[in-house]
Amino acid sequence: MIDLPDTASPLYEKVKDYILTNIGTGRWGKDRKLPSENELVVSLGVSRMTVHRALRELTAAGFLIRLQGVGTFIAPPRPQSTLIEINNIAAEIVERGNRHRSEVLVLETIMPSKELALSFEFPKRVSIYHSVVVNFENDLPVQLEERFVNPSLIPDYDKQDFTKTATYDYLMQKTPVTEVEHIISAIPADKETARHLGIDVGSCCLLLHRRTWTGAVVATISKLTYAGSRYSLGSRYSPSRTN
């Protein structure tokens, strides 16, 4: 029987950590089929309900793919198409002739979850910076910005006044961005998002999930939520051509 970590975390979180550790260390390669629920129940010594919840949450987070009657597999990297460039919402608002301001809700140092540490590609969990900022256009909230920042690349992030300097500007000054990943989703506003953006719960929002690299190191992970009725995302670019 495999021993799970002796921590205060719920059992299903320990099962998730076990699976994510196997993925993160490369012990379980991409596209690998996981042991069945019954096999995990026996090897980990937990209930089927616990294993089922762990697999369900990791599937919802995009780490696993579950095929009815076939099994559970490690999700391959998602193909992405170029859609938008990295941008600065403060500069965009000013360029439109409007006034930008921001309110800082959270600015702290935290220990990331196992999923977040895996997204940062850390060999082990280390503390990171975390901020939550609301961006306003002419006093109307248009974006809820949550950022997770790698302190090894961007020190003193938690000591800045982001009501005077945009987070984007500070990040660009501190480290070059050599690669960007964007994933866009349409989501309903939960209670907290609705409160900060001044919209009704359940209203349509655009969620832009952004990950940036400096060289081979993940620098930031950001979740940028826009009030769908007040903002749109897009770009104009020349597609590459192959002969």
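User: What does the accessible surface of the protein come to, and how much of it belongs to carbon and sulfur atoms?
Analyst: About 13900 Å², with 51% belonging to carbon and sulfur atoms. Areas are Shrake-Rupley with a 1.4 Å probe. This is a predicted model: local features need pLDDT of at least 70, side-chain atom pairs count only at pLDDT 80 or more, and totals for chains, interfaces and linings use all residues. Residues are numbered from 1 along each chain as its sequence is written, and side-chain values use heavy atoms, leaving out hydrogens and water.

User: How many helices and strands?
Analyst: Seven helices and eight strands. These are DSSP runs numbered from the N terminus: helices are H or I, at least four residues, and strands are E, at least two.

User: Which residues are buried in α6?
Analyst: T167, Y168, Y170 and L171, in a helix spanning 167-174. Buried means under 20% relative accessible area (1.4 Å probe, protein chains only).

User: Where do they sit around the axis?
Analyst: They cover an arc of only 165°, which puts them on the same side of α6. The arc is taken from the directions from the helix axis to the C-beta atoms.

User: What do they pack against?
Analyst: Strands β4 (128-137), β5 (140-149) and β8 (217-227).

User: Switching topic. At what angle do α1 and α3 pack?
Analyst: About 55°, with axes 8 Å apart. Axes are lines fitted to C-alpha atoms over the stretch in contact, and angles run from 0 to 180 degrees between N-to-C directions.

User: Which residues of α1 and α3 make the contact?
Analyst: Among them are L11, Y12 and I19 of α1, and R53, L55 and L58 of α3. Contact means heavy atoms within 4.5 Å.

How values were computed:
Buried means under 20% relative accessible area, exposed over 50%, partly exposed in between (1.4 Å probe, protein chains only).
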